Amino acid sequence: MANSMLKNKRFWIVLLLIAAFVLPYLPIWTPSPKTITSDSTSSNAPEKPAVQVNVPPFNADSAYYFVEKQVSFGPRVPGTPAHKKCGAWLVGEFQRMGMTVIEQKFKAQTYFGALDAVNIIAQYKPELPNRVLLCAHWDSRHIGDKDSKDQDKPILGADDGASGVAMMLEIARMLQANPIELGVDFICFDAEDLGDDRDPQAGGSIMNQGNDDAKTRTWCLGSQHWSRNLHKPGYSAQYGILFDMVGSRGAVFPRESYSAAYAPGIQNQLWNIAAELGYGASFPNREIGRITDDHVYVIRAGIPTVDIINVPNPPPHSFGSYHHTHNDDMSIIDRNTLNMVGRVATTAIYRTAAGTFL
Ligand SMILES: [Zn+2]
């Protein structure tokens, strides 16, 4: 029987046709480039079964575009037309990506007067109780006080402001295209960067063990307002990630000490993911001290939150040379940095949805 079938021409044609249609669909022929094995680095632990979580590819070109678009409005200083226009665009983008948006308006009491400000809160699957919070500030600094010229003019804040929000927009876009069963809140805090930095001896941006003074409280006005007026009564999330200056060339993200103290497990997991993805050099394990940033106030609202922030230098000039200068424009933004941070964050989020993060 076998012999006669092999000699039959029609049999061979049918067999070839079946092969042509079926083989491309067999899993062995289509190894997914999206698949990341969560314990791929632990080659000496064969007893632990590999947990596979599909993480969609992060699109750094799209994230770059979102930075560029925000910068195109000009400096986003609360109370200015550029700020208003960019805010409206952000609300529209998050809505276009299927998010439910809340605009939390408030008066920012800055050291130079009261300004109209708004926290923009975009909710992915607001009905789900199990949530993760992502945040960044969307305002840009009103002065270039660290520059040698035009110190009284506002800066573009391509990295300090736009990069963190771009990260959130791109993650929102990814969630819409690749849904998960996890609630995610994207909070664009306003009025983070209007702080009083006139006397560096007074502590500046370094937090003194949580004992904040009047000067410290001039920063992070949006997150301070939100922590006292949660967008939903009793709101909580498993954990939070703050993106601040996550797009510049050659960025270094050491472990921020406030995060290490209040969200040690989450910080460990994130830095482990970075090492696993091959980004260990950009996410060194050393601590860099406590930084006054929006995560301080999210932590005070009871949500353990980690700050991912570019701190390439030792103190006292810890931040990048572009920080609070007019050099903080598109020329310093690098897709590779956006890609690294994006992949670390999205790996954490998709693993959280799969129950393999914490
Ligand atoms: Zn800043």
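Strands β5 and β6 (residues 183–189) run parallel and are joined by seven bridges, with L133 sitting opposite D185 of β6. This is a predicted model, and the pair belongs to an open sheet of six strands.

- Reading across, the strands come in the order β3-β4-β6-β5-β7-β8, and the pairing is mixed.
- At the edges you'll find β3 (100–110) and β8, each of which pairs on one side only.
- From one strand to the next, the twist averages 20°.
- In general, strands of a sheet pair through backbone hydrogen bonds, in either a parallel or an antiparallel way.

**A helix on the sheet**
- Helix α5 (residues 158–177) packs on the sheet and touches β4 (113–124), β5, β6 and β7.
- The direction of α5 makes about 145° with that of β5.

**β7 and its neighbours**
- On one side, β7 runs parallel to β5 (residues 131–137), with three bridges joining the two; here C135 stands opposite L242.
- β7 also runs parallel to β8 (residues 305–309), this time through five bridges.
- L242 turns up again in that pairing, where its bridge partner in β8 is D307.

**How enclosed is β7?**
- Five of the five residues of β7 (residues 240–244) are buried, so the strand is largely enclosed by the rest of the structure.
- G240, L242 and D244 point one way from β7, while I241 and F243 point the other way, and all are buried.

How values were computed. Residues are numbered from 1 along each chain as its sequence is written. This is a predicted model: local features need pLDDT of at least 70, side-chain atom pairs count only at pLDDT 80 or more; totals for chains, interfaces and linings use all residues. A residue is buried if 20 or more other C-beta atoms lie within 10 Å of its own, exposed if 12 or fewer, and partly exposed in between; C-beta atoms are placed from the backbone. Helices (H or I, at least four residues) and strands (E, at least two) are DSSP runs, numbered from the N terminus. Two strands pair if DSSP finds at least two bridges between them. Axes are lines fitted to C-alpha atoms, for helices over the stretch in contact, and angles run from 0 to 180 degrees between N-to-C directions. Two residues are in contact if their C-beta atoms, placed from the backbone, lie within 7 Å.
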